Amino acid sequence: MNSQEQTSREQTSHESLFKRITNKRDELIELTCDLVKIPTINPPGEYYTDCAQFLGDRLARRNFQVEYYRAQGTPGDSDQYPRMNVVARHENPKPGTCVHFNSHIDVVAVGLGWQHDPFAAEVVGNRIYGRGTCDMKGGLAASVIAMESLLEEYSDLPGSIEISGTADEETGGYGGVAYLAEKGIMAVPRIDHVIIPEPLNKDRVCLGHRGVWWAEIETYGHMAHGSMPFLGDCAVRHMGAVMDQFEKILFPSLKTKRTNMPVVPDGARESTININSIHGGLDEGFDGLPSPLVPDTCRMVLDRRFLIEEDIDDVKNEIRQILEELATNRPSFKYQLRDLFEVIPTMTPQNAPVVREVSAAIQEILGKPAEMVVSPGTYDQKHIARIGKLNNCIAYGPGILDLAHQPDEYVDINDMLDSAKVMALSAYNLLQGN
Ligand SMILES: [Zn+2]
């Protein structure tokens, strides 16, 4: 920018920056396709090193300092499946704050029902199809193009820009953002503003997410010959009694709990529970006929999503009470309830700088007010908030939330370009401290 130009927000026109991004359409498509073609399926965590290296090599050519971090000892890490992360940092010529864009590089399993090859990254009209296009390699590519364009356009920015590609978001983020936050890399005081380009739609700012409690219930019985079940005690029937109480008591109760958090879609403004799995009896693990046994164990995994207004102890007690009542009233009912995993809800305040600037940029680029939302599921913001101690983090990126993890997932190319402009303008204003 030359010295005659004014730098206040009102008077700065970023037309040239936006045009630069528009002109990189083909490069954006190519980058997205290249990322999608690396099948980083998690679990087990395939090709993390290839993907991290690809991103690191590109940013190194753009004068980013690139560091790789293998999250050794975290769940799933092995020499065969290293939990590899990349963090690239661009130091600008003047001192200032750090704006960090964090994307997870892992994608979920392919599943059934695809019309497109999930890893061919087919471009059809304005869409790129493939596993991870929407969640979230499209967002990663948009942030890379946005920051490269910003750095080409303005050579005298203050502060620093970081782009990270991290592992394992889909399985909890312990080998990714949690690890980096614990190491102080994705934590205050090293970083100041974080944007996670998860697919929340290009006109929305996602402030945070609901809480999660995963637990396992096991019921017990007594084994006997299947022709004389009256001599045994069926653990599956005991679990059926649990299900019955859930239908009568728990599901209706959850329907009455509604949050003031702006969670989308609307159904997720209520407390929810998913019965993730039930398994009872001996799994003999072969294709032949089963042996006639009364099952003596049955196991249920449940996934309870809770609201910022709920206390996690109350959430747990609600289930425990149902089980305790069965233990009192149902003959020979024995159970165990085990915690598997929990995440407290998090929500960045609406007056945080990153919320303000991204909202203003959405208004400027898209010509309408940003919608403030909260995600139904958690994502890596939890680690940045809790371990990294930064309450200035949002999710913002292209891609339609409902398409995440679906067959024939796609990302719209125009949405990527629009959100890249929003990211570039937001980063500019955050760096300038406007
Ligand atoms: Zn994601």
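I took helices (H or I, at least four residues) and strands (E, at least two) as DSSP runs, numbered from the N terminus. With that convention, I placed Pro265 in the loop between helix H6 (235–255) and strand S10 (272–280). The peptide bond that joins Val264 and Pro265 is cis, with omega about -10°.

**Entry 1. Basis of the reading**

I worked from a predicted model, in which local features need pLDDT of at least 70 and side-chain atom pairs count only at pLDDT 80 or more, while totals for chains, interfaces and linings use all residues. I numbered residues from 1 along each chain as its sequence is written.

**Entry 2. The chain as a whole**

I recorded 10 helices and 16 strands in the protein chain. I then looked up the radius of gyration, which is taken over C-alpha atoms; the globule rule is 2.2 Å times the number of residues to the power 0.38. For 434 residues a compact globule would come near 22 Å, and the protein chain has 24 Å, which agrees. Along the principal axes, the C-alpha atoms fill a box of roughly 90 × 45 × 40 Å.

For burial I called a residue buried if 20 or more other C-beta atoms lie within 10 Å of its own, exposed if 12 or fewer, and partly exposed in between, with C-beta atoms placed from the backbone. By this count, 45% of the 434 residues are buried.

For contacts I required that the C-beta atoms of two residues, placed from the backbone, lie within 7 Å. Of the contacts with a separation of 6 or more, 80% are between residues 24 or more positions apart.

**Entry 3. Two domains**

I noted domain 1 (3–209 + 346–432) and domain 2 (211–343); such bounds come from an automatic or database domain assignment. Their centres, taken over C-alpha atoms, are separated by 37 Å. Domain 1 gives 8 residues to the contact and domain 2 gives 10 residues. On the side of domain 1 that touches domain 2, strand S14 (residues 371–375) gives the most, with 3 residues.

I sorted that side by class, counting Ala, Val, Leu, Ile, Met, Phe, Trp, Tyr, Cys and Pro as nonpolar, Asp, Glu, Lys and Arg as charged, and the others, Gly among them, as polar. The side of domain 1 that touches domain 2 has 5 nonpolar, 2 polar and 1 charged residues.

**Entry 4. Strand S8 and its partners**

I followed strand S8 (residues 204–209) next and found 6 of its 6 residues buried. I counted two strands as paired if DSSP finds at least two bridges between them. S8 and S14 run parallel and are joined by 4 bridges; Cys206 has Val373 in S14 as its bridge partner. S8 also runs antiparallel to strand S13 (residues 346–347), with 2 bridges, and there His209 has Thr346 as its bridge partner.

**Entry 5. Strand S7**

In a regular strand the side chains alternate between the two faces of the sheet. I found both faces of S7 covered, with His193 and Ile195 buried on one side and Val194 and Ile196 buried on the other. S7 pairs with S3 in the parallel sense over 3 bridges, where Phe101 has Ile195 as its bridge partner. S7 also pairs with S15 in the parallel sense over 3 bridges, and Val194 stands opposite Cys393.

**Entry 6. Helix H8**

Just after H8, Gly367 takes a positive phi of about 70°.

I found a cis peptide bond from Val188 to Pro189, with omega near 5°. Pro189 is in the loop between helix H5 (177–182) and S7.

Tyr47 lies in the loop between helix H2 (25–36) and helix H3 (48–60). Tyr47 is partly exposed because it has 19 other C-beta atoms within 10 Å.

Ala121, also not a glycine, has a positive phi of about 50°. I placed Ala121 in the loop between strand S3 (94–104) and strand S4 (122–124). Ala121 has 23 other C-beta atoms within 10 Å and is therefore buried.
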